[in-house]
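This report describes the contact between two protein chains. The sequence and structure are shown first.

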Protein chains: 2
Amino acid sequence: MDNQNQQILLANRPEGLPTKETFEFREIPIEKPKDGQVVVKTLYLSVDPYMRGRMNAGKSYVEPYAINAPISGGIVGEIVESRSEKLKAGDKVQGSLNWQLYNTVDAAAVRKIENTNVPLSAYLSVLGMTGLTAYFGLLDIGQPKEGETVVVSGAAGAVGSTVGQIAKIKGAKVVGIAGSDEKIKYLENELGFDKGINYKTTDHLQKALEEACPNGVDVYFDNVGGSVSDAVLNCLNDFARIPLCGAISSYNADENEDFGPRIQPKLLKTHSMIKGFIVGDYSNDFARGIQDLAEWLSQGKLKYKETIVEGFENVPDAFLGLFEGKNLGKQLVKVSEPSNK
Amino acid sequence: MDNQNQQILLANRPEGLPTKETFEFREIPIEKPKDGQVVVKTLYLSVDPYMRGRMNAGKSYVEPYAINAPISGGIVGEIVESRSEKLKAGDKVQGSLNWQLYNTVDAAAVRKIENTNVPLSAYLSVLGMTGLTAYFGLLDIGQPKEGETVVVSGAAGAVGSTVGQIAKIKGAKVVGIAGSDEKIKYLENELGFDKGINYKTTDHLQKALEEACPNGVDVYFDNVGGSVSDAVLNCLNDFARIPLCGAISSYNADENEDFGPRIQPKLLKTHSMIKGFIVGDYSNDFARGIQDLAEWLSQGKLKYKETIVEGFENVPDAFLGLFEGKNLGKQLVKVSEPSNK
């Protein structure tokens, strides 16, 4: 490799939608690794909606990006130089790294990819944060048992579609709620959901749920909140578990105007539990989750969708495309070919 | 003992408040015990508001009482005759038995009282369902750690006052919410709560909570729901736990009109958990709970209030008095003296 490196900086904080001017490319040298460090060549890079929040000055649930500093996010890369015993050149790794062609970091800053029998890009989608969110939320909080009924909202999304497939693997009956007939077909015909419900065309969501779940709802994986969740909460069995992963319907609501039916009486009546979480709550257990997910993936039990754009120069466009709804499934950028395919 | 027995039947289903005509006394013989059975003489008997619900025809969370059949509830008694190896005459027991002077039941239908160093009546209050509700809700769901902040609503009630005292035993900082200055004094001066807040006279409950809990709220034991809980939920720390024990403010509300601020965004933001429960969920662990509570009680670490009326003939009056707010603390009836005090 030559000494040529490149990075993408946050040029300024966008107001409303980001634009191309939000980003700035800079040529830099590749930093020499010190003892215990490695040089990681970026193969795939993830662009995610949550990064928009980090472009603001205020703290969301992660720290804001700094102006004139590189943007960072999920990356799958290859070790091209190592001064650590833990990793050697050619090893594939994943981690949260800067948007650069090459990152020079402590070996502990990346996690070695053990199972390379699956596409490397999967480590940024179904084996990455979205897959792990589904895995830990469903299995740690939801704890579905064989024969139980699992309902998932936002079911056709990256997280929801994985939740449903894991629930099927665990022997549960799975009902997905989504917002288009195309998505419902995808859930039922391609992902093996027992039933999909289009909440936009259903006259009475609760009635549709009662029909789809004649034995009641034991686990509700909640990606959306709002009136969809109000309906599901009227169908809970005793001792139901509700992993709370998203509340999209409330994100843009004024907190003082975001009212709905009180849920405490429903939780009390059914002895049920609801728990908010983010995937980072389980960071100590990521290795186990990735191992299980990779195994299911290599067995053909997990399907997922990716849209992959090629070229580091197209990272800003790929990011901006997220807000135009262009991508189907997880949006990634392929930056380089691995050296030894 | 002679063969004289008496029982109290449900004469008819009351509409609105029960009256004396709701009850009927009947003379019956004492049933002879069969193999494995015991005869229990009633010493103390518990009258509880939840029994009103069981007088209706519809199912609440326990089965309705039958018309012209004896009413049943928590009783502390003494074995006067035994045909079981597990219990002998003189043993003190507790159980859910009929409102009778004597009950003839299988030995397994009652639980032996091991620790008699505390007043027997306590087994129907602080060592009974209310104490166990506080114990399991707080310790199993709330899991307060030393130095954490526990907030309890309905704090001066039988459950709430025990919750706060157990939280103090566990080394937490305890803030109680109640509805009169007299109750606040009781919490702060007699029960050792760190702070009491009178929600009826506080201009701004959330502000008062923020002042009382400068380090935020780690555990919220929710006895009441409604606007009091709305305020507490704005003060949660990350990974807060909320045992959900009551929703008084919603009991009389039409379900379709019982609206409030959505709590899912708050639970999501703080990664917090809320779980509805009733004490029966922990029936397999009652022995452990009673043992701990009895030990704390005999060490003087748990205070409680009882109002004790004497005489089986006064059971209906004691029950009716519950709805006039006459009783301070747990309302009990003393039916007989133990034979060997």
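## Strand pairing across the interface

In this predicted model, A:Gly260 has B:Gly260 as its bridge partner in E13(B). Strand E13 of chain A (residues 259-261) runs antiparallel to E13(B), and 3 bridges join them. Strands pair if DSSP finds at least two bridges between them; strands (E, at least two residues) and helices (H or I, at least four) are DSSP runs numbered from the N terminus.

## Extent of the contact

Chain B and chain A each contribute 35 residues to the contact (heavy atoms within 4.5 Å). The buried area, meaning the accessible area (1.4 Å probe) lost on being put together and summed over both parts, is about 2,800 Å², with carbon and sulfur atoms giving 61%. B:Arg262, B:Gln264 and B:Leu268 supply 27% of the area that chain B buries against chain A, more than any other three residues.

The interface holds 4 salt bridges, defined by a side-chain nitrogen of Lys or Arg within 4 Å of a carboxyl oxygen of Asp or Glu. One of them links B:Arg262 to A:Asp258, with the closest N and O atoms 3.6 Å apart. On chain B, the elements that each supply at least two residues to the side touching chain A include helix H6 (226-233), strand E12 (236-244) and helix H8 (264-270).

## Basis of the values

Residues are numbered from 1 along each chain as its sequence is written, and chains are lettered from A in the order in which they are written. Local features need pLDDT of at least 70, side-chain atom pairs count only at pLDDT 80 or more, and totals for chains, interfaces and linings use all residues, while side-chain values use heavy atoms, leaving out hydrogens and water.

Note on methods
Buried area = accessible area lost by both parts, 1.4 Å probe.
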